[in-house]
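Here is a friendly briefing on one helix and on the aromatic contacts of this model. Have the viewer open as you read.

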Amino acid sequence: MRWLPLPQKAEVSSERLPFAGCHAIKTPPQPDWERSVRPLRALGEAYGGWTAFVEHDPSLPEEGYRLRVENGRIYIHAGTPRAAFYACHTLLQAWDGKSIPLMQVEDYPTLAWRGVVEGFYGKPWSHQARLKMLEFMGAHKMNIYLYAPKDDPYHRERWREPYPASEAARLHELIQHAREQFVEFVFSISPGLSMVYSDPTEFEQLTAKIEAVRQMGVRTFGLLLDDIPEELQHEADKRTYRSLAHAHADLANRLHHWLQERDPNSWLIVCPTFYHNRGEPPYVRELGELTERGISIMWTGPKVVSREITHEDAELFKLAIQRKPFVWDNYPVNDYEPSRLLMGPITGRTAETLKHLEALVSNPMNQAEASKVALGTYADLLWNADAYDPRRSWHASIARLVGEEALPTMLEFCKQNLWTRHWSEAPPEIQRYIEDWQTTGDAEPLREAFLDLVSLPRRLRQAVNNPELLEEIQPWLLRLEQVCTLALELLDEIEEENLRPRHILAQLEAIRETNEAIVCDGWIERWIRETIEELAES
Ligand code: GDL
């Protein structure tokens, strides 16, 4: 079974029993418990069948559950309704549409807060993509989503202005949908480009904006002060505060109090201006010192895009901010290199690192569906870090996204869209074929490799039944077809001893002008260019 995330402990029998849903589901009477079994109820209403008994067990950890599947009966003991919801999703994973195995699962997460920050530059996700993403998160046991798209003007440049009615309605729908999926919805705002921190009317405008979202049922807010000037900008602020950190801590504390007065369960998460370091900048220490303990502080690791976040890094930053960091993880985000898709698993964060964190949220790509390959691996890592194996997780994540039958083809596509900067252990395979050709001069294996690649887009379009995903990755499919066609042409020219195939270079240039996508880490284009240059010199 390809679990995703992998449960902490699962005993799965080889004996399978027919299962077409539950005809009766007994839950504690409160509405949250009723909501938690909806994934099962949807099946039951459709088909009828088994009885499921769901019980609250306060001795279990917050999101811990025990699941037992016996002949004709399902028992779920859960610490919270969210845990029961996760138990239902575990059950659905074991279901193949016809039967389920007898099994016993004991499960709980490694890290308390696991999720996604929609925090990239460039085209934000569509409303539909967000709704689907929230469902994905629920099904993968991720529990927190930060709404923070840099290019939503009302989030950043025009932070003072209320959302127009139509956008407010969409936001409301998202918030409700997140609730259905047991996902904590975090509304974030980035006022730091223009806010006069010391001005009380500015604070009123900030809280007015937040109040409108609070009224929609949100209790958690993000105050994002990243990517703004690193010095105080306004005279009034320079008179009031001794430093930027002082101003930010004061703003965060005031907002925290304002939220607490209205709801003691509220939660404020702050992204500092210096968010990538090991706690060295004086700003970070001062912010840590002055910011009240109940407020969370974000961190992207030692770099903006951190290939690795070690437990030493985490400990140092924790020491500086005097609390566990809330990690904003810049993978698989591609806004800084939009010509690439990052289709590999997350690596470089160990179980030891997670012990020092309060939360970890992944900042994904502008391509929501394609991001789910990496996000599935995050869900796995953050749920059961001790057992995390990037390759196992990667395969399971791809299989969950496109189905078991399309797995080999989609995996092949993902392999052409890795970036050695993130996963140096997995260079593109074509590199090996090119290097072999350079040493042996035998063109056949290289030709075979290009023939495989040139047919990949067609095979993928046939195998994958996910129109949104196919649309997102279209530029990369096209690019693969284009460059492999040219590469094959070049091999033909060499075979025919045409040593001046300059027209191929012109075609390559023409492709580049219309499609900037990079595949196979750019190896094929490089090979074409270098080979033609070498031929010209010979
Ligand atoms: C950043 C930005 C983020 C962007 C990312 C990658 C943070 C806190 N802020 O610095 O919006 O997507 O880099 O380009 O990471």
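The points below cover the helix, then the aromatic pairs, then the charges over rings.

This is a predicted model, in which local features need pLDDT of at least 70, side-chain atom pairs count only at pLDDT 80 or more, and totals for chains, interfaces and linings use all residues. Residues are numbered from 1 along each chain as its sequence is written, and side-chain values use heavy atoms, with hydrogens and water left out.

**Helix H12**
- The 16 residues of H12 (residues 368-383) should span 22 Å at 1.5 Å a residue, and the end C-alpha atoms are 21 Å apart, which agrees.
- H12 bends by about 35° at Ala374 (the angle between axes fitted to the seven residues ending there and the seven starting there).
- In H12, 16 of 16 residues are buried (under 20% relative accessible area, 1.4 Å probe, protein chains only).

**Aromatic pairs**
- The structure holds 20 aromatic pairs (ring centres within 6.5 Å; planes under 30 degrees apart are stacked, over 60 edge-to-face, the rest tilted).
- Phe53 and Tyr75 are stacked, 5.4 Å centre to centre with 15° between the planes.
- Phe53 lies in strand S3 (residues 50-56) and Tyr75 in strand S5 (residues 73-78), so this pair ties together parts 22 residues apart in sequence.
- Tyr86 and Trp383 pair edge-to-face, at 5.6 Å and 85°.
- Tyr86 belongs to helix H3 (residues 81-94) and Trp383 to H12, 297 residues apart.

**Charges over rings**
- The charged end of Arg68 sits over the ring of Tyr75, 4.4 Å from its centre (CZ of Arg or NZ of Lys within 6 Å of the ring centre and within 35 degrees of the ring normal).
- Arg254 has its charged end over the ring of Phe203, 4.9 Å from the centre.

Note on methods:
Helix = DSSP H or I, 4+ residues; strand = E, 2+ residues; numbered from the N terminus. Expected span 1.5 Å × (residues − 1). Buried < 20%, exposed > 50% of the residue type's maximum accessible area, 1.4 Å probe, protein only. Phe/Tyr/Trp six-rings, centres within 6.5 Å; stacked < 30°, edge-to-face > 60°.
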